[in-house]
Amino acid sequence: MKNGAARLAHLPGLTAVSAATALLCGAASAQTITTTQLQDLDQRASAVQAKMVAWRRDIHQHPELSGQEVRTAKLVAEHLRKLGMEVRTGIGGTGVVGLLKGGLPGDKVVALRADMDALPVKENTGLPFASAAIGRNFDKDTPVMHACGHDGHIAILMGVAEMLAGMRAQIPGTMKFIFQPAEEGRSEHPKHEEEPFGAKAMIAEGVLDNPKVDAIYGLHLAPGPATGSIGYRVGPMMAGADGFSIKVTGRQTHGSRPWDGVDPITASAQIINGLNTIVSRQLNITAVPTVVSIGAINGGNRENIIPDTVDMLGTLRTFDNKLREDAKKRITHTATTIADASGAKAEVKFSAVSYPPTENPAELSKTAVPVLQAATGGKAIQIPLVSGSEDFSDFQLKVPGFFFILGAPPKDRAPAPNHSPMFDFDEDAMPVGAKALAALALDRLAQPN
Ligand SMILES: [Zn+2]
Ligand SMILES: [Zn+2]
């Protein structure tokens, strides 16, 4: 999870089962998971709880930066092999994939995903298993910490793998356990700018194929809602982030004789004003917000020379893929046509590093939400939009995917937001997350369509 995750720390006004959920529960496609199966999962989650805590603490004490998850990947791969799974390593860098073939007939393939990377943050929790690790972040030594709860995500998914491997004979279909590197970004210079990392890199290397994944589920630990609860949204949930650059090219001239050249500074000012009308005048933002901001503008070096070029940098935040594509087109159109009107030229480039909005599709949510309710005893609650981003959304662009927040405010300290040097989570949430993921998977495998 990237930027803005702080909002999860104090989620106001959360109510119990919402009206929307009630509607979904009454929808035609009911969940297939039974009370007996849920009780079985409860026992299995309790049985692996101590192991999950031990794994989490070990991983927490040995955090690795994005794309460098070597020790972590080895730990995960060894665990999956011990469980008798077919294991693939080195997918999208250090990614690990475990394949569990169920003992019952079924042609569905369900994937569960955990992210493995830590952050260049100096831990200040005072925990007995706090990290003192030093890593290399873009060629510089830096303290490293699991400050986003990915240590918990790994431990939870290792736990689910053990639970479901123990139930192999009762599983109709195939399970894919995806341990993904580099969710938070890069920590090393890429060979070329377009080189993918994280979810995109795993997808490019076929993680969703062979066998083809029908649905994917994932979770994120956060300091809210309360432990035992799960936060979700149907439809848009977390922001998409797209950086962009605009290069405005005019023609240099003396500041006293603007008519002899083309002024890219005035054109840039007009472009910024034009960009500010995209959200305020052009997009329908009644359902979800959109943000367009210019954060850098550079051009010229003295008062009486009009320069040749101006460079601007900006960011687009969206909560809906259609709005995202529409806004991107409008940014390009606005900048190029305004520049054109003054005889200048604008080149708009969207960054190769981008995150689509995390959106839970209505169809998959119809069964996922009731399963989460059943798995938590009615403690799945709708949460406000989250302004942070998640590259789980890249999987969702390819296959139906459902993402949720696992509430885990720490017991003995004030909750700190994700990415804080003080970030910690309540380990009692881990069996809740494990049970929820296992229940979602078993339910999906048994669905008729
Ligand atoms: Zn994060
Ligand atoms: Zn995260």
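## Basis of the description

Buried area is the accessible area, taken with a 1.4 Å probe, that two parts lose on being put together, summed over both. The model described here is predicted, and local features need pLDDT of at least 70, side-chain atom pairs count only at pLDDT 80 or more, and totals for chains, interfaces and linings use all residues. Residues are numbered from 1 along each chain as its sequence is written.

## Domains and their interface

The chain is divided into domain 1 (5–236 + 357–446) and domain 2 (240–354), with bounds that come from an automatic or database domain assignment. Contact between them (heavy atoms within 4.5 Å) takes 14 residues from domain 1 and 12 residues from domain 2. The centres of the two domains, taken over C-alpha atoms, are separated by 38 Å.

Domain 1 and domain 2 bury about 1100 Å² between them, with 59% of that area on carbon and sulfur atoms. On the side of domain 1 that touches domain 2, the residues divide into 6 nonpolar, 2 polar and 6 charged, where Ala, Val, Leu, Ile, Met, Phe, Trp, Tyr, Cys and Pro count as nonpolar, Asp, Glu, Lys and Arg as charged, and the others, Gly among them, as polar. Across this interface the rule finds 0 salt bridges, a salt bridge being a side-chain nitrogen of Lys or Arg within 4 Å of a carboxyl oxygen of Asp or Glu.

## Surroundings of Pro410

Pro410 is buried, with a relative accessible area of 9% (buried means under 20%, exposed over 50%, partly exposed in between, with a 1.4 Å probe and protein chains only). Not counting residues up to four places away in sequence, Pro410 touches Pro415, Asp424, Phe425 and Asp426. The C-alpha atoms of Pro410 and Lys122, which are 288 residues apart along the chain, are separated by 19 Å.

Terms used
Chains are lettered from A and ligands numbered from 1 in the order in which they are written. Side-chain values use heavy atoms; hydrogens and water are left out.
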